[in-house]
Amino acid sequence: MRKLCLGTAGVLAMTLLIASVALLAARVLQKVVELQVKQQMVLKNGSEVFEMWEESPPPVYMQFYFFNLTNPLEVLQGEKPLVLEVGPYTYRETRPRVAVHILDNDTEVSSLNPKTYFLEREMSVGDPEVDLIRTVNVPAVVAMNLATSTPLHLPTEILLLLYEEELFTIHTVHELLWGYTDKLLNALHKFRPTIDADFGFFKKMNGSDDGEYIMLSGKKNYLDFTRIIKWRGKDTLSWWTSPDSNMINGTDGSTFHPLIGTDEKIYVFSSDLCRSLYLTFDEYVTVEGIPAYRFVPPVRLFANVSTNPDNAGFCVPAGNCLGAGLLNVTACKQGAPIFLSPPHFYLSDEKYANAIDGMHPNKENHEIFLDINPFSGVLVRAAKRMQVNVHIQKLPDFLQTGNIRTLFFPVLYINESVVLDRASAAKLRAALFESSVVTNIPFIIMVLGVVFGVVFVVLACKPSQAREEGSVDERAPLIRTS
């Protein structure tokens, strides 16, 4: 019986250890799980993935921070602007996908993505319909820039004086965001109806979409899951000066392909930024108990052309290159002198922050990041942050500009953030646990093999008990002497 147990333990130990090593070396179960994930991550009618993609994502919050100018008279005399950050004014953002159509034999999907904003007063510092902000008068700046050094400068100056338009203006947060009727624009609208009488930095964003997207479903290749191939009917942009800069690369930033590695570049196309950009791995993080990779834009992405020649395509007009961190989106914003940058000129040329008192750039509050679960490709946390700046300078044709310095004036910055809700996080944790159980089966088998190996060693090393030779009487001498 002892030999049978010894042999069984030895055979089981060897078999289990060999099987576990073979499974680990061939990655059999891991490949099975990965194949299943690749097959599931496809946009097709009736699938859970499709329903999650089509529905509005977890709560997205748009926070607006304004820079209130405190010394307007001194600025017009040539002194440095002093601004005070005011915010956040927080809005909950809904963004369902509508007008969804499956195209080209289930390989492509088209949709619109309208966004609507609802004020969250408890998450805001004040009432946007009451709080006043002094900032750049963008309609006046646009009019002056268009008319300067042309025969129209005198009529424009007369209109500015007539309507008492200055370089800086005061409006409520609500008006600056969602629009107000500007006296100058309203007057011009009467002569040219194509000119909108209203102005607001996000006037046309609330309740509207930014155009039709066509993206790949992932049916042919899981790496193409939700990768955008057309926007507004075109497969390239037209604002920049090189083919690479005009490329539409990546997803819309809300979904990504599964099985992501730390060596990957994550590409995102943002219509708000008027370009595509990429992010690289930064660190390991955990969100709601879910492991994730944090991806951030590298410093090189914002570098000037001397450091990163690839950015020459973003020099507009051609050859007019800016310092690190600034992007001229005038052509993308209907001719308004808008320049985008990270908040507080983070990762930008120091001269921009130094030109404004009140800039305090830091990584924690001003960095763009994406936290993605690498196995599923699910976005568990993210923040898109950008600052809106207006280029202002002294224009001899207009008294309104005084002796102002040439500078990029920060108007506001946004923080569009999302964190996976608890219900979705619980569902994802359960799915990750199930997959981990399957992929860890070889280790479980290996542990069992070690256990049987220990049993084998114990049995093999345990000394045999001597067989008893009989009772006391049986061991006694046959002939006894009394």
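**Exercise 1. In which loop is the place of F345?**

Before we start, a word on the ground rules. This is a predicted model, where local features need pLDDT of at least 70, side-chain atom pairs count only at pLDDT 80 or more, and totals for chains, interfaces and linings use all residues. Residues are numbered from 1 along each chain as its sequence is written, and side-chain values use heavy atoms, with hydrogens and water left out.

Step 1: Look between strand 16 (338-341) and helix 10 (350-354); F345 sits in the loop there. Helices (H or I, at least four residues) and strands (E, at least two) are DSSP runs, numbered from the N terminus.

Step 2: Check the backbone. F345 is not a glycine, yet its phi is positive, about 60°.

Step 3: Check the cover. The relative accessible area of F345 is 2%, so this residue is buried. The cut-offs are under 20% relative accessible area for buried, over 50% for exposed, and in between for partly exposed (1.4 Å probe, protein chains only).

**Exercise 2. Take N105, and decide: is it buried or exposed?**

Step 1: Find N105 in the loop between strand 3 (98-103) and strand 4 (108-112).

Step 2: Read its phi, which is near 55°, a positive value in a residue other than glycine.

Step 3: N105 has 63% relative accessibility, so it counts as exposed.

**Exercise 3. Which peptide bonds, one from G87 and one from V316, are cis or trans?**

Step 1: Go from G87 to P88: the bond is cis, with omega near 10°. P88 belongs to strand 2 (residues 83-94).

Step 2: Go on to V316 and P317, which are also joined by a cis peptide bond, with omega about -10°. P317 is placed in the loop between helix 9 (299-302) and strand 15 (327-328).

**Exercise 4. Work out which strands pair with strand 16.**

Step 1: Start with the side chains. I338 and L340 point one way from strand 16, F339 and S341 point the other way, and all are buried.

Step 2: L340 in strand 16 is the bridge partner of L327.

Step 3: Four bridges join it to strand 16, and the two run antiparallel. Here F339 stands opposite N389.

**Exercise 5. Which residues does N145 contact, leaving aside its neighbours within four places in sequence?**

Step 1: Locate N145 in helix 5 (residues 138-147). With 31% relative accessibility, it counts as partly exposed.

Step 2: List the partners: P337 and L395. Contact means heavy atoms within 4.5 Å.

Step 3: Look at the pair N145 and L395. They are 250 residues apart in sequence, and their C-alpha atoms are 8.2 Å apart in space.

**Exercise 6. Step back: how many helices and strands are in the protein?**

Step 1: There are 14 helices and 19 strands.

Step 2: Of the 482 residues, 46% are buried.

Step 3: Among contacts between residues at least 6 apart in sequence, 65% join residues at least 24 apart.

Technical notes
Pairing = 2+ DSSP bridges.
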